[in-house]
Amino acid sequence: MARVRQLALIVGLALLGTFITVMTVHYMLPFDPLEPEPLINHRVLFAIVFVVICGALGITYVIARRES
């Protein structure tokens, strides 16, 4: 049960962090009304950021458990 809680916490925080990152990038990019195609692929950005944040949170969790 503890593993499920740990996984749910990591995935939930990763989703929150990914959403914040993608929305920040989305609103900071310039928008051209004549060219509605976005400058970047947001799905790829979401996937990359999600994997990186999951990895970072997992590593942080393991290190924190070793320290305590």
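What covers the buried residues of H1? Helix H2 (42-67) is part of that cover, and this tour will take you there.

Before you start, note that this is a predicted model, where local features need pLDDT of at least 70, side-chain atom pairs count only at pLDDT 80 or more, and totals for chains, interfaces and linings use all residues. Residues are numbered from 1 along each chain as its sequence is written, and side-chain values use heavy atoms, with hydrogens and water left out.

**Stop 1: helix H1**

Select residues 2-28, which make up helix H1. Helices here are DSSP runs (H or I, at least four residues), numbered from the N terminus. H1 has 27 residues and reaches 39 Å from its first C-alpha to its last, close to the 39 Å expected at 1.5 Å a residue; the expected span is 1.5 Å times one less than the number of residues.

Now colour Gln6, Ile10, Ala14, Gly17, Thr18 and Val22, the buried residues of H1. Buried means under 20% relative accessible area, exposed over 50%, and partly exposed in between (1.4 Å probe, protein chains only).

Zoom in on Thr18, which sits in helix H1 and has a relative accessible area of 0%. Setting aside neighbours within four places in sequence, Thr18 is in contact with Phe46, Val49, Phe50 and Ile53; contact means heavy atoms within 4.5 Å.

Leu13 is also in H1, but this residue is partly exposed at 41%. Draw a line from Leu13 to Phe50: they are 37 residues apart in sequence and 9.7 Å apart in space, C-alpha to C-alpha.

**Stop 2: helix H2**

Move on to H2, whose 26 residues should span 38 Å at 1.5 Å a residue; the end C-alpha atoms are 37 Å apart, which agrees. Leu45, Val49 and Cys54 are buried in H2, and the buried residues of H2 pack against H1.

Which residues form an aromatic pair that is stacked? The structure holds one aromatic pair: Phe46 and Phe50, 6.3 Å centre to centre with 5° between the planes. Rings of Phe, Tyr and Trp (its six-membered ring) pair if their centres lie within 6.5 Å; planes under 30 degrees apart count as stacked, over 60 as edge-to-face and the rest as tilted. Because they are four residues apart in helix H2, Phe46 and Phe50 are separated by about one helical turn. Phe46 is partly exposed at 34%, and Phe50 is partly exposed at 22%.

**Stop 3: the loop and the pocket**

Next, select Pro33, in the loop between H1 and H2. Pro33 is exposed, at 63% relative accessibility. Its C-alpha atom is separated by 29 Å from that of Leu16, 17 residues apart along the chain.

Pro38 is also in the loop between H1 and H2, and is partly exposed at 44%. The C-alpha atoms of Pro38 and His26, 12 residues apart along the chain, are separated by 9.0 Å.

Finally, show His26, Leu29, Pro30, Phe31, Asp32, Glu35, Pro36, Glu37, Pro38, Leu39 and His42, which line the largest pocket. About 170 Å³ of space lies in this pocket. On a 1 Å grid over the protein atoms alone, a pocket is an open set of points where a 1.4 Å probe fits, with protein on both sides within 12 Å along at least five of seven lines; lining residues have an atom within 4 Å of a point.

Terms used
Grid points are joined across faces, edges and corners, and a volume is the space filled by probe spheres set on the points. Helices (H or I, at least four residues) and strands (E, at least two) are DSSP runs, numbered from the N terminus.
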